[in-house]
Amino acid sequence: MGMRTLTTVVVLVGAVMLAGCGSSEDPVAGSPTGTSAADGIAEDVPTGIDPCDIPPEVLNSITPGLRKGNLDDNTSRGAIKWRGCRYVVSDGYTTTMSLTNLTLDMLREKNYPGREDVVDGRTVLTTHQASDPTGVEGCVLNVQMQGGSLEFSVDNSHGTSPKTRHLTACEVGMSVAEKIVPLIEPGA
Amino acid sequence: MGAETPMQGLIESAKNGQLSVSFNDNVYVNVEEFVLIERDCEAMKDQIKLYQGLARDISNREVWGLGDRSDWIISTPDLVGKFRSKAQGDPGGNDVHSILQKHWEIVDGIQQLHREIANRYQQADAEFAAKYTELMASVPQGFQGKK
């Protein structure tokens, strides 16, 4: 077989393999860094922290009485997935803590009002999204991770949060980030 | 009265000592019931809040849907907008978030009313007060109602 024919065969085999990897019919891959060939979105959410397994003392150091709720955050929208849990302060705010394959770059493209900070060496993107463009009663923070981010989506609706409505949802989110981000495995 | 809820009126009456319940000597006021109601109301309010968070997320995350694929929602701009506003931000207040707000207020009203009644009992009855304080300190969070 000539070199050019061999090269052609290798390229064709490679293309078939890539097409197989990117199929949305595949079950969720175990490898967290596999990417869908089509759009650069990871197949699964990042690893490096279990947001549903935060020690009570850490939760209490964020806000006394912050506890895990019995409603989780296990959702998908398009190719984006969220895997995590919801936390609540009675008569106060709720927040998610969820791993997602949504990256900071994807969020930046939406041009939401917000800000960027660095916490424990990781970029934290704060965005005011559709449900509350002011960031007062609702705010989303995404912490940079390999292949996606760790997300905190805060609801601090004034009507149901008499104990914390003196704070903005974004302030709440940052105080959550400051205590949780250091728990992420280095390099994750 | 104006926009006062029915519960607010009752709560005010309880605060002013205008709600009186006459029991004969054979009726025993169950301290445990007041504590259960307090904890169950709080648990119910927590649950409502968790669903409000979910409604907010549904609204926020709508942007990641892929309109050009066969998604679980028929993604015409009109329907997407309607669905997003049904989760949160409907101008008429008929979105899930606002409806949950009203449910929260109802439960909060029931809780406050029972708190006021418990306060009146505590002022009148030292034994009730001691037992109430002890139980409130030790009951864990989450639903405590009898099955």
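**Entry 1: the nonpolar core**

I looked up the largest nonpolar core in this predicted model and found that it has 32 residues. I took a nonpolar core to be a set of buried Ala, Val, Leu, Ile, Met, Phe, Trp, Tyr and Cys residues joined through side-chain atoms within 4.5 Å. Buried means under 20% relative accessible area, exposed over 50%, and partly exposed in between, with a 1.4 Å probe and protein chains only. The residues with the most contacts inside this core are Ile49(A), Ile54(A), Met97(A), Leu150(A), Phe152(A), Ile180(A) and Ile184(A).

Which elements give two or more residues to this core? I listed α2 (56-62), β2 (80-88), β3 (94-100), β6 (138-145), β7 (148-155) and α4 (169-180) of chain A. The most comes from α4(A), which gives seven residues. Helices (H or I, at least four residues) and strands (E, at least two) are DSSP runs, numbered from the N terminus. I noted as background that nonpolar side chains tend to be buried together in soluble globular proteins.

I then followed Ile54(A), leaving aside its neighbours within four places in sequence. Ile54(A) is in contact (heavy atoms within 4.5 Å) with Ile49(A), Leu59(A), Tyr87(A), Met97(A), Ile180(A) and Leu183(A).

**Entry 2: the disulfides**

I searched the whole structure for disulfides (pairs of cysteine sulfur atoms within 2.5 Å) and found two over all chains. In chain A they follow the pattern 1-2, 3-4, with bonded cysteines counted along the chain.

One disulfide joins Cys52(A) to Cys85(A), with an S to S distance of 2.0 Å. Its S-S torsion is about 105 degrees, so this disulfide is right-handed. Because Cys52(A) lies in the loop between α1 (3-21) and α2 of chain A and Cys85(A) in strand β2 of chain A, the pair ties together parts 33 residues apart in sequence. Cys52(A) is partly exposed at 23% relative accessible area, whereas Cys85(A) is buried at 9%.

A disulfide is also formed by Cys139(A) and Cys170(A), whose sulfur atoms are 2.1 Å apart. The torsion about this S-S bond is about 90 degrees, so the disulfide is right-handed. It links strand β6 of chain A, through Cys139(A), to helix α4 of chain A, through Cys170(A), the two being 31 residues apart. Are these two cysteines buried or exposed? Cys139(A) is buried at 1% relative accessibility, and Cys170(A) is buried at 15%.

**Entry 3: conventions**

I number residues from 1 along each chain as its sequence is written, with chains lettered from A and ligands numbered from 1 in the order in which they are written. The model is predicted, so local features need pLDDT of at least 70, side-chain atom pairs count only at pLDDT 80 or more, and totals for chains, interfaces and linings use all residues, while side-chain values use heavy atoms, with hydrogens and water left out.
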